[in-house]
Amino acid sequence: MKKWTSSFNNYFKEAVLDEVDAKISNITIKKVKQYQTMLGFGGAFTDSACGIYNVLSEEQKKEVLEALFSENGLNYNLGRLTIGSCDFSRSSYDYAEKRDSSDFSLIHDIENIEPFVKAAQSYHPLTLFAAPWTPPLQFKTTDDKSHGGKLREDSYEEYANYMCTYLKEQNKREIPISYITTQNEPEATQPWESCRYTSEEEIKFVEVLNRHIKKNNLNTEILLWDHNRDALVRKMEEYEKAKPHYEDLVAGFAYHWYDSGDWKNISKVHEKHPQFLKVFTEGCIELLNLNRDDPDSALGTMNNAFRYAKNYINDSLNYSNGFIDWNLLLDEHGGPNHVGNFCEALIQYHTQKKELIYNPSYYVVKHFAHFIKSGAKRIETIQDNSDLLMVSFLNPNDEIIVIILNEGEENTQIIEVNNKKYKLDLSSHSITTCVFGD
C-alpha cells in the first residue's frame with residue numbers, strides 16, 4: 001500500500017503506508033457502494049498545441065508523448081479536436097467555402113494537427129471529442145467568424161452536412177470522433193471565433209445533425225451545451241421545454257469550469273438523466289484574469305494546480321464521467337493565441353531556450369490521470385475532517401485509489417480500506433494519492 005504526495009517544488013514523492021492497530025478511523029473507504037463510471041482523462045489537440053509539438057526536436061516530441069500518453073505519465077486516453085479554428089489557432093481556417101461542401105478539404109488538419117494525434121494514438125486508442133467554435137462564413141448571419149452571430153436559418157441542413165463531412169473525412173484518416181457538440185460555448189460572444197444559439201436553436205440543429213449522422217451511418221454521438229456548469233440546470237429545463245424527450249437525441253452534456261464552482265449542477269443533471277454522460281470538456285488557467293499587466297507572472301503556481309484538484313474532485317463527487325483539459329502544450333507565454341488570450345498549459349515549451357517546462361499543474365493532474373483507469377467507478381468515501389477534500393475510485397483491476405487535497409497544515413489521518421487501517425501522514429498544502437491493492 002503506497003502513497004504519492006506533491007507540494008510546491010516537491011512533486012510525486014512516494015512512500016509506503018504502514019498498517020496500524022487503531023480502534024477508530026478518520027477516513028473509511030467502502031467499495032460496495034459505487035457511483036459513476038469514468039471514461040478517463042485527456043487534453044485538446046488545438047492548432048496552437050500541435051504547432052508547438054511540430055517544432056520540437058524528435059527527442060522532445062518523445063518526451064512530451066511519454067509525459068502525456070504513456071502509462072508512466074498521465075496515461076491520457078481522451079482528446080478534443082476543434083472543427084475549424086479557435087482562439088488557440090495560429091490562423092483562421094475552415095474546410096470548405098461552398099455551401100454544399102463539395103470543396104471540403106482536411107489538408108490543414110492533416111499537415112498541422114494529425115502528426116500529434118497519430119503519435120498519441122500509437123500509445124493506445126483515444127476517445128475523441130470535437131466541437132466547432134463557429135460555422136464557416138457561408139452559414140452565418142454575419143460576415144464575421146468572430147463576435148458571435150448566428151447560424152442562418154436556411155443553413156441548418158447544409159451545415160449538418162459540413163459537420164458530417166468532417167466526421168467522415170476524419171474516419172478515413174483513422175481519427176474517429178466518438179462525441180461531437182454543436183457549438184463551443186453557445187452563449188458567449190467573443191472577440192475570437194464564436195456563434196450564439198438559444199436552447200431552442202441548439203435543439204433544432206441537434207435534430208438535423210442527428211438525422212444526418214444516422215443517414216451517413218456514423219458512430220458519433222452528440223453532447224449538449226459545451227459551456228459552463230453554472231447554467232446546466234437552466235439549460236436542461238430549456239431543452240426539455242424546446243423538445244420534450246430531447247434526451248433521445250443525445251448522449252449527455254459537455255461542460256466547462258469558467259464559473260464560480262457550481263459542481264452540484266452536475267448532480268442535478270444526473271438526478272434527472274442518470275443515463276447521461278457528463279464530461280468536462282474544457283478548462284484552463286486564464287492568465288489575463290490573474291494578471292492582465294504581466295500575464296507571464298501568473299504562470300506555474302500551486303494555486304493554479306490546486307484549481308485542477310478542486311474541480312476534478314468536486315466534479316467527480318457530483319457524477320462527472322471524465323476530464324479533458326484545454327491545450328495539451330503551449331509556448332512559454334501561454335500561446336500562440338491569435339487574439340492574445342493567453343492560458344497556462346500543463347506542459348509549455350520555451351521557444352527561446354528550447355526547453356520544456358512542467359508546471360505544478362502537470363503533477364497535480366498526474367495524481368488523477370495516472371492512477372484512475374478508464375472504467376473505474378467512484379466509490380463511497382466517509383470522512384470526519386471537512387477541511388480535507390477527497391474522492392475514491394475502484395479500478396477495473398480492483399485497486400482502490402484515494403485522492404486527498406489538503407490545503408491546510410500537516411496532519412495525520414487513520415484511513416480504513418478493506419477492513420484494514422493505515423497511518424496516513426498528510427503534508428501541508430499538498431495533494432496525496434493512495435493506492436490499495438488486495
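Predicted model: local features only at pLDDT ≥ 70, side-chain atom pairs only at ≥ 80, totals over all residues.

By class, which residues make up the lining of the largest cavity? I got six nonpolar, one polar and three charged residues.

Cavities. I counted four of 30 Å³ or more. The largest holds about 60 Å³ of space. I listed its lining as Leu-81, Leu-106, Asp-109, Ile-110, Ile-113, Glu-114, Val-117, Gln-170, Arg-173 and Ile-175. Helix 3 (107-112) and helix 4 (114-121) each supply at least two residues of that lining.

Gly-261. I found Gly-261 in the loop between strand 10 (252-256) and helix 8 (264-272). Is Gly-261 buried or exposed? Its relative accessibility is 19%, so I put it down as buried, given that buried means under 20%. I also checked Gly-261 against Asn-228: they sit 33 residues apart in sequence, and their C-alpha atoms are 9.6 Å apart in space.

Gln-383. I placed Gln-383 in strand 18 (residues 377-383). With a relative accessible area of 30%, Gln-383 is partly exposed. Which residues does Gln-383 contact, leaving aside neighbours within four places in sequence? I noted Asn-26, Ile-27, Leu-388 and Met-390.

Then I went through the polar atoms of the Gln-383 side chain. The side chain reaches the backbone oxygen of Asn-385 at 2.7 Å, and one of its polar atoms lies 2.8 Å from the backbone oxygen of Leu-388.

Key:
Residues numbered from 1 in each chain as written. Heavy atoms only, no water. 1 Å grid on protein atoms, 1.4 Å probe; cavity = no way out; pocket = protein on both sides within 12 Å on 5 of 7 lines; lining within 4 Å. Points joined across faces, edges and corners; volume = space filled by probe spheres on them. Helix = DSSP H or I, 4+ residues; strand = E, 2+ residues; numbered from the N terminus. Nonpolar A, V, L, I, M, F, W, Y, C, P; charged D, E, K, R; others polar. Buried < 20%, exposed > 50% of the residue type's maximum accessible area, 1.4 Å probe, protein only. Contact = heavy atoms within 4.5 Å. Polar contact = N/O pair within 3.5 Å; in protein donor to acceptor, adjacent residues only side chain to side chain.
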